[in-house]
Amino acid sequence: MSRRRRAAALPTPVALLFLLPAAALFAVFVLYPMATALTYSLFSWRGTAQDAFVGLDNFVALFTTEPYATQLPRAFGHNALLFAGAMVVQNSLGLLLAYVLHRRGRLRRLFQVLYTMPYLVSPLVVGYLWSLLLSPLFGPVNAALRAVGLDAVAQPWLGDPDTALWVVGLVTAWQWVGFPLLVYGAALGALDPAIEEAAMLDGATSRQRFWHVTLPLLMPVIGTVSVLTFIFSMEAFPIPYALGGSSGSPAGATDVMSLLFYRTAFHSGASNAIGISSAVAIVLFLVIVGISVLFTQWFRRVERRLT
Amino acid sequence: MSRRKTLATASAALVALTLGACAPSADSPEPGAAAGEGCDGDAVALDVWSWRTEDVKTYERIFDVFEQANPCITVNFQAHLNTEYDQILRTGLTGSDGPDIAQVRSYGLLQPLVEGGNLQPLEDVVPALADFDDATLDGSRGREDGAVYGVPLASQTIQVYYNTAIFEEHGLEEPETWDDFIALNDTLLEHDVTPLAVGARDGWFVPTVHDALTAAQYGGADFQQALRDGATDFTDPAYVDSIQTLKDLQQYMPDDVTGVPYTDAQVLFTSEQAAMFAGGSYELAFFQDANPDLDLGVFQVPPPPGSALDHPVSAGYADGSWGLSAGTEHPEEAETLLNWLATPEFGQLVADELKQFSPIPGVEFSDPLQQEMWDLYQADPAPYLLLVDYRYGDPVGTDLMGEAGQKLFLGDTDASGAADVIQDGLSAWWTPGE
């Protein structure tokens, strides 16, 4: 499978020169803010003024004092559930749709565009749109359910802690399903049709061809999509904010890590808000990087076993 | 493939971190100050920042009045999105291209700027501050030094609005006693009118409704003082009773109230499907705008039997003030403008053009309803307790009441459990009596 192309030889100093502009941008817009957040989290703050160096005190406070000791694990759990939901609903559906569209060539373009449309709308707008649709007073969703006699199914979707987080997950999936669909669609298009033809000649049914031929070949792409989904789920902000506000209504049922960061940074009267919120950002960063690396390694091992 | 994947992973994950370091999101190129007619010397442009994006045109008209009287000063008014303002302002005031004068938040949310040394104390700069009401100035004080860091811009009061047409249709009048209040709610319910338009999905709205309905029951300013003295805390029976009252009144609110957003509660009221709305004075302009035919009245809810106070009250709070940047390059001109912002002339413009309660002494309100709300508040004031005294740490009192109230409405906790949520949450940074 692996094809190795020889890189056109470029003298090292020239190559470095070409790398310089991108490296400079990366340093200014990524590395510098990163380093800043890290240093912020190691100091105590008096409002906007940096105070004393306190080492890891902010992190200790984050894990041992209220309200963070309760809210941090709760928010993290919600992020994890959003990720699980996105894997099950959004990515499976995306793969299924991509596979179906791949086999029915004629309307592929049209449906690809349709499924990808919500992806082009600002997530904040999507959130507010669904908040209107799901309102128990004026929302058309409950009205439609009642109109067809499903009164028992009509819910205060965003007002019940048992359903609110599911709604956040489903709205996110509604918006992002176009992403796995496009990526998987492209990957399917790039597969060598001869492999599937060979399987067909060997008498494999279409189900067998999907599970034993196509899916293993897609494994590298599934890995990439999964890792990106994990990152998006951990960073979820606009949709939870639009659906549950900065405190994760109702009663914290939709609270996620980014909302916790937002609250501690900009919504609190605490003197050390910048120190604590920077610590939240660092913890979030470490979780994302750590788990993403583990994921990537695991997928690489699975790939190797399959090929 | 795998290397590319790792790179994508790493670079996308970095986004999480950039959240942590707040880079300024708005540059403010300073336009050359054009001298107005009649200016002999050098013209100076002052940058004034605000979170009221909806008021930009009105503020420009208001500052025209100032510029005519002070031809050498141009006011460059810039509004930033409300939800991003605090972040932008903190960055602006610590950097080099921040405002000279800025609208700043009140009470707890003002403290980061005071503690960071970003604002100047104003008692010596603006002599007119001596004439302001003390409770109003409390909103602009530094927690530690007690100095005033802002010229109060607007006050808000909290009361119950009602639809006079619906009241007349059902033969109802403003309630004089608690029994009257319950009776009129029952009458409305019998006639399939939602009595109280409340939306509890937005947690911040819950403490507003609670204080509008029950501030007199738990004791208003007396209770505030008792908390400050350390004589009681939020598990006080009077406070628990007031939360129980909120629960008892849930039957008069829309069904599934925790699923109803605040904006839907507004629509319920302006579309005349609900008779009453417990809310702030800031609603008035929106109500009148949304439905010009709406005939409105206001009242204070009479306290139920056994209340701490024997008369109804209006809760109120200072909502924003004008702060002076410690890093301004034009201190003299900024002080001139700041002093104008404390004059009755400016206050009257705020009242007439922006429909806000200017707390500047001597201002009158042309809208009779606005005047009535102000008079009710002046006669029987109470603090909007959780906002005024309990936003100096994390978590803030209003968020806790939002969560506690949602649990209460959902039936996940009772009144004393809700009071515990507030007391336990606040105990992270607050001890009664300190």
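Where is Y107(B) found? I looked this up first: Y107(B) is in the loop between β3 and α4 (111-115) of chain B.

**Ground rules**

I note that this is a predicted model, in which local features need pLDDT of at least 70, side-chain atom pairs count only at pLDDT 80 or more, and totals for chains, interfaces and linings use all residues. Residues are numbered from 1 along each chain as its sequence is written, while chains are lettered from A and ligands numbered from 1 in the order in which they are written. Helices (H or I, at least four residues) and strands (E, at least two) are DSSP runs, numbered from the N terminus.

**Chain B as a whole**

I found 18 helices and 11 strands in chain B. I then checked the radius of gyration, which is taken over C-alpha atoms; the globule rule is 2.2 Å times the number of residues to the power 0.38. For 434 residues a compact globule would come near 22 Å, and chain B has 23 Å, which agrees. Along the principal axes, the C-alpha atoms of chain B fill a box of roughly 70 × 65 × 45 Å.

Next I looked up burial. A residue is buried if 20 or more other C-beta atoms lie within 10 Å of its own, exposed if 12 or fewer, and partly exposed in between, with C-beta atoms placed from the backbone. Of the 434 residues of chain B, 50% count as buried.

For contacts, the rule is that the C-beta atoms of two residues, placed from the backbone, lie within 7 Å. Among contacts in chain B between residues at least 6 apart in sequence, 77% join residues at least 24 apart.

**The five-stranded sheet of chain B**

I traced an open sheet of five strands in the order β2-β1-β3-β10-β4 (chain B), with mixed pairing. Here β2 and β4 (151-152) of chain B stand at the edges with a single partner strand each, so one side of each has no neighbour in the sheet. Two strands pair if DSSP finds at least two bridges between them.

How many bridges join β1 to β2 of chain B? I found seven, between β1 (residues 44-50) and β2 (residues 73-79), which run parallel. Opposite W49(B) stands Q78(B) in β2(B). From β1(B) the chain passes through helix α2 (residues 56-69) of chain B to reach β2(B), a right-handed β-α-β crossover. Right-handed means that, with the strands pointing away from the viewer, the path from the first strand over the helix to the second runs clockwise.

β1(B) also pairs with β3 (residues 101-104) of chain B, in the parallel sense and over two bridges. I101(B) in β3(B) is the bridge partner of V48(B).

I went back to Y107(B), which has a positive phi of about 50° although it is not a glycine. Most residues other than glycine have a negative phi, and most peptide bonds are trans. Y107(B) counts as buried because it has 23 C-beta neighbours inside 10 Å.

D233(B) lies in the loop between α9 (220-229) and α10 (237-248) of chain B. With 18 C-beta neighbours inside 10 Å, D233(B) counts as partly exposed. Leaving out residues up to four places away in sequence, I found that D233(B) touches L227(B), Q423(B) and P432(B). D233(B) and S427(B) are 194 residues apart in sequence, yet 9.9 Å apart in space, C-alpha to C-alpha.

**Chain A: a helix and some loops**

The buried residues of α7(A) include L165(A), V168(A) and W176(A). They pack against α3 (68-103), α5 (123-133), α8 (178-190) and α11 (238-244) of chain A.

I noted a cis peptide bond from E66(A) to P67(A), with omega near 0°. P67(A) is in the loop between α2 (57-64) and α3 of chain A. The bond from S249(A) to P250(A) is also cis, with omega near -5°.

Phi of A251(A) is near 50°, a positive value in a residue other than glycine. A251(A) is buried, with 25 other C-beta atoms within 10 Å.
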